[in-house]
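Hi,

Here is the structure I promised to pass on to you.

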Amino acid sequence: MILRHVALRHARRTLTPQSLRPLKRFVSSEVESADASVQNSLDEVQAIAAHINSLTAAQAPPIDNLTPSPAQPAAVSAEAAESYLLFKHRESQFGAVGSVVAPHYQPHTLLSNPPSPSDVTLELLLASEAHQGHATALWNPANARYIHGIRQGTHIIALDQTAAHLRRAAKIVTEVARRGGLILFVGTRAGQDRCVVKAAQLAQGCHLFERWIPGSITNGQQILGKCRTKVVNEKDEEVPGFEDQLYDRSVLKPDLVVCLNPMENYVLLRECGDHSIPTIGVIDTDADPTWVTYPIPANDDSLRCIQVIGGVLGRAGEQGQKLRQQAAARGIVTYPPASDLKPPAHTSSVASQLEQTIEKRRQEAALIDRTMSAEEPQEVENKDDLEDSRDEER
Amino acid sequence: MIIQPTLRLPRHLFRSADRAARCFSQSAPARAHKMPELNHDKDMRRDGIRGLYSPDGIAIAWVEYHGMLLNKLNFMTAGGEEENWEPKKLLIHYARDPTNAAIFNLASMAWNNHFFFKGIFRAPSPKKKDDPPPTPPPMPTTLATTLASEFGSIQTLRDEFLATANSMFGPGFVWLVKTKTGYNSSFRILPTYMAGSPLAGAHYRRQPVDMNTQNGDSAASLGLSRAELGKMGVPTNSVGAFGAQSASYAKQPKLAYGGVDVTPLLCVSTWEHSWLRDWRVGGVVDPNDPDGVVGPTGKENFLAAWWDRIDWKVVYDLMQDSATSRQGSTNNDRAFAFNRS
């Protein structure tokens, strides 16, 4: 089960609880220098282990009665941290002996350490096979402006167009994230799930790698109505006391949708268009560029190309989130707060608020029960009538 | 009768896709393995190592020989899956594979040779020719006391080490290794012959014969059946394995029979190309000596000179892990298992 924190700002719902913020030192794929790992003393090892354990201890409670609470991960011992540092030290001392291996393509790095918008070069796109289009007979003439030429009966996408459109899309993702927008990353083809999840993690948005349920936006109240929403402040901390107002509030919609296979997601893109939600999509030579707001002409059949594009947009979202959080730390809120949310009446007495809410629910339930029981035939009253009628029949 | 091994054909000739990929670069194909950079590399190539190597000796033992190893390694692995594997991974992968003995030898030799040169002290050449040559700093006291307590004295260690190296008749390497961490730590002197490796993952190759001159049939005559040769690799028998832990255990790299988890700290190369150019053969008899005692050989002189030029800081850094330095540390097996794969 993938857990992610999504905050309510002006019009969004939380779908899952907060995940552990992993200690960047251990999950970053940047290699530490040999000196850095050698100089780590035991005190630092203890500090690292203590920090991990503190993160582990501060686990968010389950959001409602239905969601099972996640299993508590085992506390990281000092010995495990020590063992890891020792492994890293050995790797630097014995792994790189014999020759210097030239930098080469390692597929897992596209997921563990995706490229950022500043890393986008024509060489990278070419190596990722982003230029490979479909057979010329299958093209959509609306894509003529993105095509460089023809080779061996297939169209070749102009990579300068790809790079320019990708950089534009990255800027859009960054700015939406900076302004507190909710970004949905969609990739429903086989093998795109890891890329989509990673991008959503970086941008602190949502992901979708299974089939889009039609109506999730147009009929959102029905499909997503059971999802819990919460109100957060500019520092992403939950603010209690809004449960009453949230109960009547409509479901969230994404503020930006990034679709890595638009050809299979027409319904999603149509719903976004109907609700004025901007979309970014990877447009191949046979795809319709009018389906999305911001097309990225590239090869959607190459998983490597999709991972590069997904990674770049995820990193762009990460940058936007960082800018937003930096502004929040300075006291600047980069988005207009929700205008239809009133501050709770007694913020200090949360318990009384909760009691009021519970009492309200109990009254509603009692009303429902009374209504249902009124519909049943009342045997005490009708019995005499029945007997009278039977007597009459006789 | 010497059974010639089948000619090792480069893999890229069978891959037309690789040739198509190369049409972008008409110049020499990109090399996966490049020469490693030693500290003060330029000074070493220009002036040699004073007291041990002349510039021509460095050219033979390091520049040309190591370059040849990497050239052949690039040639043999180009276009294949293991094109970008580092030498350590290659040598452990092919340690049990007699049909790929050539790649094992090249990768293991590259690993050993680089390790040998890393352990030699280098310093920038003195600016004036008359200045004395830089001498290596003395052994760190922690290391000195540890080794002295293990071997009795540093002099004993030296005698033992050099005697082992001198008594090796053919080419090989002699290693100072550490076998266990914690208070019960043990240092050992370990000789390996030809291109044998001290790494635990390669211990299937005790190297009783030179597998470079064997093929499947001749290896079978040594006692290994064809079926056994064909099955060489990580044991796949999972009879009796069940439970949650057995799956993860099956994936762990196994230790070879008779293998020992060691951490190599120091080595010397007794291959003749390492010392013959500068130290020659020696072993002459003084005509005035009535007993006809044979003088020291060039190899003996080389080894004695090498001992004085060891960079003990490198040895200390290799030994000085945060776990190994602590008394009673239990991070022994998992830490050493790094050299199994």
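In this predicted model, helix 8 (residues 193-203) of chain A packs against helix 12 (residues 303-329) of chain A at an angle of about 15 degrees, and their axes are 7 Å apart. Angles under 35 degrees count as roughly parallel, so helix 8 of chain A and helix 12 of chain A are roughly parallel to each other. Their crossing is right-handed. On the helix 8 side, the contact is made by Cys195(A), Ala199(A), Leu202(A) and Ala203(A). These meet a set of residues in helix 12 of chain A, including Ile306(A), Gln307(A), Gly310(A), Gly314(A) and Glu318(A). By class, the contact of helix 8 with helix 12 of chain A has five nonpolar, five polar and two charged residues.

Those two helices turn up again around a cavity. The count of cavities of 30 Å³ or more comes to four, and the second largest cavity holds about 50 Å³ of space. Which helices supply at least two residues each to the lining of the second largest cavity? They are helix 5 (109-112), helix 8 and helix 12 of chain A. Helix 8 of chain A gives the largest share of that lining, with four residues. The lining includes Leu110(A), Leu111(A), Cys195(A), Lys198(A), Ala199(A), Leu202(A), Gln307(A) and Gly310(A). Sorted by class, the residues lining the second largest cavity are six nonpolar, three polar and one charged.

Helix 12 of chain A also packs against helix 7 (residues 159-178) of chain A: the axes come within 7 Å and cross at roughly 35 degrees. This crossing, too, is right-handed. From helix 7 of chain A, the residues in contact include Leu166(A), Ala170(A), Val173(A) and Arg178(A), while helix 12 of chain A brings Ile309(A), Val312(A), Leu313(A) and Arg324(A), among others. The contact of helix 7 with helix 12 of chain A has ten nonpolar, five polar and two charged residues.

Over in chain B, helix 3 (residues 55-77) and helix 5 (residues 101-118) pack at an angle of about 145 degrees, with their axes 10 Å apart. Here helix 3 of chain B passes helix 5 of chain B in a left-handed crossing. Helix 3 of chain B contributes residues such as Ile58(B), Trp62(B), Tyr65(B), Leu69(B) and Met76(B), and among those from helix 5 of chain B are Ile103(B), Leu106(B), Met109(B), His114(B) and Phe117(B). The residues of this contact in chain B divide into 15 nonpolar, four polar and one charged.

Best wishes

How values were computed:
Residues are numbered from 1 along each chain as its sequence is written. Chains are lettered from A and ligands numbered from 1 in the order in which they are written. This is a predicted model: local features need pLDDT of at least 70, side-chain atom pairs count only at pLDDT 80 or more; totals for chains, interfaces and linings use all residues. Side-chain values use heavy atoms; hydrogens and water are left out. Axes are lines fitted to C-alpha atoms, for helices over the stretch in contact, and angles run from 0 to 180 degrees between N-to-C directions. Angles under 35 degrees count as roughly parallel, over 145 as roughly antiparallel, 65 to 115 as roughly perpendicular and the rest as oblique. A crossing is left-handed if the near helix is turned anticlockwise from the far one by less than a right angle, and right-handed if clockwise. Contact means heavy atoms within 4.5 Å. Ala, Val, Leu, Ile, Met, Phe, Trp, Tyr, Cys and Pro count as nonpolar, Asp, Glu, Lys and Arg as charged, and the others, Gly among them, as polar. On a 1 Å grid over the protein atoms alone, a cavity is a set of points where a 1.4 Å probe fits but cannot get out, and a pocket is an open set with protein on both sides within 12 Å along at least five of seven lines; lining residues have an atom within 4 Å of a point. Grid points are joined across faces, edges and corners, and a volume is the space filled by probe spheres set on the points.
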